Amino acid sequence: MDTSRHVLCTLGDITPLAEGALSPIVKPLPPELFVVHGSCAETRWEAMRGQSYHVPNDRFFVRNHTCTPLIDASTWRLRLHGTGLRAPRSFTYDDLLALPATTLECAIECAGNGRSFFASQQGRRASGTPWRLGGIGVARWRGVPLSTLLDLAGISGDAVDVLPTGLDPEYVDNGVNLGHVRRPIPVAKALDDVLVAYEMNGEPLPPDHGFPARLVVPGWIGIASIKWLGDIEVSTAPLPSPWSTETYRLGSEPLTTQVVKSAFELPWNATFQAGRAHVLYGRSWSGTGRIVRVEVSTDHGRSWRPARIRQDGPAGGWALWEVEWSPAEAGPYALRARAVDDTGADQPLRTPYNTMGYLFGGIVDHPVTVVP
């Protein structure tokens, strides 16, 4: 795919990294909002305290394989082609804006979100970016259903795979050029609820989040929601990709849906005062259903209390909750939260280990200190 006419991978508007290196991310990354992991930026959970249901664009996490490209919407094209289409065609940015729009409120979450806890809680380190729980964000996405574009391009009844490809620079891993980021989606999912989004929280997509258009694949791991979308191949035969055949898989199967997780809107090692009433706030989410119950423990799991869900959301979103806590004695504590969705999926004490640290869904010990 020739992208030279309209793609510039920029390191401008630059955020300093260690040793004078330059950030591959365009937006500012203030340390009170983010933990930077090379080409990625993890949202600090304390930065979500007091925020609304949606994560503001300026503090939404960033997962880049290479660097954020700057794309000229006036020359950008979204090309649909392949053996599974009867009428292949391209769409301009204005074409997308002119089509009937749909809005989704759902999460995008890195498959490795929570990866660091395999080492810190379960004693076995996993490869990859050491996310805690900040590799997730919920936004209001607006765009065109992928099914609309596929229908306009004449999708055939024997199509089986849809392969979206991004316009970010080609990814080189250990000296091997894997090409542009791409990952197939089964036709059934593509025609169900996938969105080609051009807005995020009421604004055009920021560069770091996929401008001019990206996929949003509700409930699935983040790699499926391809950013900087430029090409969609539809095939009557399965379509391979390194992001489904080599990575983002467990055993013989490519990863799809996310698991249940919970997080406190607190800094790591937060401090509380003994003998006072405090309110603990947090959020829980699932890739398989709507959160219906959240429980919190302040005594290392010996006892659990129900949290009050103060705002819930649709399947694929999250629930905001709170619980009161009045610690009587000073000392170190570990706060725990666990949730259940409406399919019965919940959070175990431990997650089965895998070398890439995917889909950590275990109950997390959040350390805090109570002072006199």
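**Close-up 1. The contacts of T43 in this predicted model.** Leaving aside neighbours within four places in sequence, T43 touches L33, F34, M48, R59, F60, F61 and G134. One of these, F61, also shows up in a polar pairing: its backbone nitrogen sits 3.1 Å from a polar atom of the T43 side chain. T43 itself belongs to strand β3, which covers residues 40-43. Buried or exposed? With a relative accessible area of 6%, T43 counts as buried, because that value is under the 20% cut-off.

**Close-up 2. An open sheet of five strands.** Read across, the order is β21-β28-β27-β23-β24, and the pairing is mixed. β21 (270-273) and β24 (305-306) are the edge strands; each has a single partner, so one side of each has no neighbour in the sheet. The partner of β21 is β28 (residues 366-371): the two run parallel and are joined by four bridges. Zoom in on T271 and you'll find its bridge partner in β28, T369.

**Close-up 3. The largest cavity, with about 280 Å³ of space.** Its lining takes in 22 residues, and R63, G222, I223, S225 and K227 come closest to the centre. Two elements, β4 (62-63) and β8 (102-109), each give two or more residues to this lining. By type, the lining splits into 11 nonpolar, six polar and five charged residues.

**Close-up 4. The second largest cavity, at about 70 Å³.** Here β8 gives the most to the lining, with three residues. Among the lining residues are A107, I108, E109, W220, Q258 and W285. The tally by type is four nonpolar, six polar and one charged.

Conventions
Residues are numbered from 1 along each chain as its sequence is written. This is a predicted model: local features need pLDDT of at least 70, side-chain atom pairs count only at pLDDT 80 or more; totals for chains, interfaces and linings use all residues. Side-chain values use heavy atoms; hydrogens and water are left out. Buried means under 20% relative accessible area, exposed over 50%, partly exposed in between (1.4 Å probe, protein chains only). A polar contact is a pair of N or O atoms within 3.5 Å; within protein, one must be able to donate a hydrogen and the other to accept it, and residues adjacent in sequence count only if both atoms are side-chain atoms. Contact means heavy atoms within 4.5 Å. Two strands pair if DSSP finds at least two bridges between them. On a 1 Å grid over the protein atoms alone, a cavity is a set of points where a 1.4 Å probe fits but cannot get out, and a pocket is an open set with protein on both sides within 12 Å along at least five of seven lines; lining residues have an atom within 4 Å of a point. Grid points are joined across faces, edges and corners, and a volume is the space filled by probe spheres set on the points. Ala, Val, Leu, Ile, Met, Phe, Trp, Tyr, Cys and Pro count as nonpolar, Asp, Glu, Lys and Arg as charged, and the others, Gly among them, as polar.
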